[in-house]
Amino acid sequence: MSKQYETVIGLEVHVELATKTKIFCGCSTAFGAAPNTQTCPVCTGMPGSLPVLNRQVLEYAIAVGLATNCEITRFAKFDRKNYFYPDNPQNYQISQLYLPICMNGRVEIETKDGGCKTVGIHEIHMEEDAGKLIHDEWEDCSLVDYNRSGVPLIEIVSEPDMRSAEEVIAYLEKLRLLIQYLGASDCKLQEGSMRADVNLSVREVGTTQFGTRTEMKNLNSFKAISRAIAGEAMRQIDLIESGEKVVQETRRWDDVKGESYAMRSKEDAQDYRYFPDPDLVPVAVSDEMLEKIRASQPEFRNEKRKRYKEEFGIPDYDIEIITEYKHMADLFEAAVAICGQPKKVSNWLMGETLRLMKETETDAQDLRFSPEHLAKLIRLVDEKVINGSVAKEVFEVMFEENVDPERYVEEKGLKTVSDEGALRKTIAEVIAANPQSVEDYRNGKEKAIGFLVGQTMKAMKGKADPAAVNRILREACAE
Amino acid sequence: MKITDMTAVELAAAIRAGQTTAVEAAEAMLDRIRERDPVYHCYVTVDREGALSQARAVQEKIAAGELGGPLAGVPVAVKDNLCTEGLLTTCASRMLQNFVPTYTAEAVVNLQRAGAVILGKTNMDEFAMGSTTETSAYGATKNPWNPAHVPGGSSGGSAAAVAAGECYYALGSDTGGSIRQPAAYCGMVGMKPTYGTVSRYGLIAYGSSLDQIGPLTKDVTDCAAVLETIASYDKKDSTSIRRQDTDFMSALTEDVKGLRIGIPNDYLKEGLEEEVRAAVLQAAEELARSGAVVERFDLSLAEYAIPAYYTIAAAEASSNLERFDGIKYGYRTKEYAGLHNMYKKSRSEGFGEEVKRRIMLGSFVLSSGYYDAYYLKALRVKALIKQAFDAAFARYDVILGPVAPTTAPKLGESLADPIRMYLGDIYTISVNLAGLPGISLPCGKDRQGLPIGLQLIGDCFQEKKLIRTAYTYEKILQAKQEGYRHEQTI
């Protein structure tokens with residue numbers, strides 16, 4: 001390859017909004033219900049039914065627009081996108097083409113070298129999701145589940161400002177973080193609540209004109225996105241190098257095979273016959289509404305980072321991890337508010353929490369234990385009701401089931417035995433049973449005391465204050 | 001007076017007074033239907049059992065004093081594009097030959113709350129597309145004044161059912177004149193209210209931005225009573241308007257003194273039959289004699305209304321009718337090879353010619369490359385027409401003119417020449433484009449004995465002015481023709 005090529009990437013990101021009800025009817029959006037149980041005449045496209053906009057969808061869309069520095073359209077409209085497919089009960093999707101709710105935004109992403117880069121947002125629009133088709137090969141038929149039909153989405157369309165897979169992922173992470181902080185969506189790529197289509201073209205370094213782009217679909221992890229970008233860039237460069245032309249088309253990425261194949265070209269692109277939906281009145285965004293949403297914007301990550309440093313004095317590394325997920329940051333702040341010990345709360349999050357998250361493949365947003373319980377656990381250790389290793393044991397159960405540590409310790413009888421008489425008795429037994437270790441210790445082998453502490457703790461079933469065990473053992477051995 | 005000769009409001013009073021019952025009235029209507037509907041074919045579906053059980057339930061409530069409004073116990077016919085729970089709703093199309101809704105249109109719910117007894121569903125042009133009720137997949141409706149003539153359309157079944165005495169009143173829908181024109185052809189009173197006054201929830205859409213539900217009645221009093229009952233703000237319809245002034249019966253007064261009436265010169269030009277013109281101008285004169293100030297003026301833009309209307313209505317229809325695909329309900333072709341073929345065959349076989357023509361027209365005007373030239377331009381024309389009306393209503397309280405250029409044509413005459421049929425909508429469609437209220441009421445008959453309709457148009461939310469003017473004129477007409485009744489009796 002003699003020439004130097006540059007990859008040009010723009011993204012279309014669909015985000016499923018966390019509303020309780022659908023965008024144009026009152027049906028539940030809850031995931032996992034039996035097919036077609038969360039439907040009504042509106043979301044199944046029955047004749048005579050009419051859509052009514054869920055205001056929460058509008059508020060979320062505006063909140064995301066403000067967080068990405070967009071201009072908010074004060075007089076927005078919904079348009080119909082007409083196409084026939086059975087997952088689309090009306091055979092048109094209600095979306096926004098002519099006057100989307102947000103336009104001309106931008107987000108800052110961090111680049112590999114630690115620098116900063118701006119990615120432009122062309123627009124954000126609101127639309128409805130389609131139902132789900134299930135192909136029953138056994139019965140040779142297709143079935144439709146309309147539970148997802150009408151679930152609210154926003155589509156965030158970026159400018160073609162990204163140049164590498166790293167930048168794409170940094171951009172997606174940035175969006176995920178902003179949207180999660182807003183509470184507008186949980187943004188899970190694997191579960192489809194965040195979906196990204198990659199528009200990609202290549203061009204020789206130094207040229208200003210864009211090459212012909214392709215659109216890639218079916219990317220459901222960051223890894224798949226990285227691989228698809230690398231694969232598609234290579235495919236386009238190979239075509240150009242061999243004197244062929246890149247065809248503008250939609251391609252589907254097969255992450256197992258590591259290759260993409262053409263779904264449809266621009267020539268067979270459908271004419272969607274967009275026009276304003278006459279069943280919905282234009283959306284007028286008032287000054288009051290805009291101000292209300294602006295005022296209720298949460299503190300985003302950068303502001304939190306700064307505040308944590310000043311207010312809590314915890315290490316930068318801890319701050320990075322804790323603020324990466326809103327749920328983690330919320331947990332941290334709430335627990336600190338109760339117990340007033342930022343360092344200890346941070347230690348629990350950085351240590352045991354991360355370890356268990358990794359072990360159980362749990363996302364930060366799915367952490368179950370409450371800040372109240374974490375604060376209680378810290379207090380139990382501080383007050384020496386339990387010792388550190390019992391605390392870890394209790395925490396594992398909290399992590400799984402969010403149990404109340406106080407009650408759990410009580411019920412399981414895990415309290416530290418504070419009766420020094422009982423402890424002295426056990427230690428006397430341990431010393432009697434391990435004369436060699438006592439001898440070793442007396443001869444200066446510091447390690448031997450560790451063994452004796454372990455034996456004592458074992459005999460006490462862990463319910464002893466290790467500091468007290470240590471002190472009494474040393475006294476006893478010295479005698 | 002025989003109960004079959006009564007108006008809706010008269011019947012409700014007689015039921016309240018204990019002179020008759022809702023059950024007797026329902027039975028009388030069902031007898032009428034049995035007798036006359038084989039000739040006129042006003043109904044697609046007659047719900048005998050349902051009507052009688054509703055009548056019994058309503059009668060009990062009336063007897064218990066729980067119901068007592070001006071329509072309590074009165075049998076009604078509902079156009080077959082209004083969804084009725086558990087009752088076949090076909091839009092007079094093969095496409096919905098088996099469609100039984102699980103919900104009832106809000107306007108019908110409002111009637112039920114007021115104690116209406118639903119007799120059945122009336123014939124119409126397929127999906128409300130047509131001006132004669134001949135595009136129905138279930139056969140044409142005949143005009144009760146002369147069965148060789150059409151009743152008008154698309155609410156032809158509703159208008160003819162009232163005229164033939166097969167119901168006391170009916171609901172219709174009006175997208176470009178579909179209530180007012182059949183009311184005129186059948187000698188009845190029909191009203192299209194201001195857009196947003198009656199909820200469209202449960203009305204199977206033709207042109208969503210133009211459709212309104214309204215009454216077809218024997219006289220102006222019934223018209224006001226029905227409109228007052230069906231008008232409501234409905235959260236389920238985003239285009240529904242919250243109005244405080246829906247006490248339309250309060251406008252039933254004889255008083256047009258000082259009322260400013262404008263007659264658009266545009267509505268009296270060529271194409272208008274001389275007899276219709278004479279009857280309409282005669283009506284204007286009568287109103288002037290009663291104290292109204294009548295003037296001629298130029299409305300302008302009238303000739304652009306038809307192309308703008310057929311562009312917008314067809315565009316919306318092409319999208320609204322996409323849901324009829326044979327997948328979820330309705331007609332599905334028997335044999336097909338794959339999804340695309342199933343769509344194509346189901347829709348080709350399920351829809352009639354006029355519907356297909358408008359779907360194609362609508363798809364064309366929305367397609368890329370033509371959208372700006374046709375659809376957007378039509379929207380601009382619509383806005384200009386509204387401006388022209390705004391200017392007119394700065395000078396006049398009511399605009400007066402004909403409903404249609406002719407009286408009811410003969411069966412079979414119109415379908416041969418769709419463009420001519422479209423031109424017949426010239427006086428009614430501007431009202432839909434501008435979202436205004438319009439009322440149609442009889443103002444005489446032609447040499448053939450066919451009714452002539454007078455149209456009164458008001459500014460948005462000025463239904464009461466229309467009702468007052470129409471009521472005054474109706475009284476003048478009744479005084480002139482002793483014993484005048486709108487209903488045709490055979």
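This report walks through some features of a two-chain model, chains A and B.

## Before you start

What you're looking at is a predicted model, where local features need pLDDT of at least 70, side-chain atom pairs count only at pLDDT 80 or more, and totals for chains, interfaces and linings use all residues. Residues are numbered from 1 along each chain as its sequence is written, while chains are lettered from A and ligands numbered from 1 in the order in which they are written.

## Domains of chain A

Chain A is assigned domain 1 (5–289), domain 2 (299–412) and domain 3 (420–478); such bounds come from an automatic or database domain assignment. Between the C-alpha centres of domain 1 and domain 3 of chain A there are 65 Å.

## Where the chains touch

Start with chain B: 30 of its residues are in contact with 23 residues of chain A (contact: C-beta atoms, placed from the backbone, within 7 Å). On chain B's side, helix H9 (302–320) and helix H11 (353–366) each bring at least two residues. H9(B) gives the most, with 3 residues. Helices here are DSSP runs (H or I, at least four residues), as are strands (E, at least two), numbered from the N terminus.

Sorted by class, this side of chain B has 11 nonpolar, 10 polar and 9 charged residues. Nonpolar covers Ala, Val, Leu, Ile, Met, Phe, Trp, Tyr, Cys and Pro; charged covers Asp, Glu, Lys and Arg; the others, Gly among them, are polar.

## A helix pair in chain A

Helix H6 (residues 316–323) and helix H8 (residues 342–360) of chain A pack at about 70 degrees, their axes 10 Å apart. Axes are lines fitted to C-alpha atoms, for helices over the stretch in contact, and angles run from 0 to 180 degrees between N-to-C directions. That makes H6(A) roughly perpendicular to H8(A) (65 to 115 degrees; under 35 is roughly parallel, over 145 roughly antiparallel, the rest oblique).

Asp318(A), Ile321(A) and Ile322(A) from H6(A) meet Ser346(A), Leu349(A) and Met350(A) from H8(A). By class, that contact has 4 nonpolar, 1 polar and 1 charged residues.

## A helix pair in chain B

Over in chain B, helix H7 (residues 220–230) and helix H15 (residues 463–480) pack at about 160 degrees, with axes 9 Å apart. H7(B) and H15(B) are therefore roughly antiparallel.

Val220(B), Ala224(B) and Leu227(B) on H7(B) meet Glu463(B), Ile467(B), Ala470(B), Tyr471(B) and Glu474(B) on H15(B). The class count for this contact is 6 nonpolar, no polar and 2 charged residues.

## Backbone details

In chain B, Gly153(B) and Ser154(B) are joined by a cis peptide bond, with omega about 10 degrees. Ser154(B) belongs to the loop between strand E3 (117–122) and helix H5 (156–163) of chain B.
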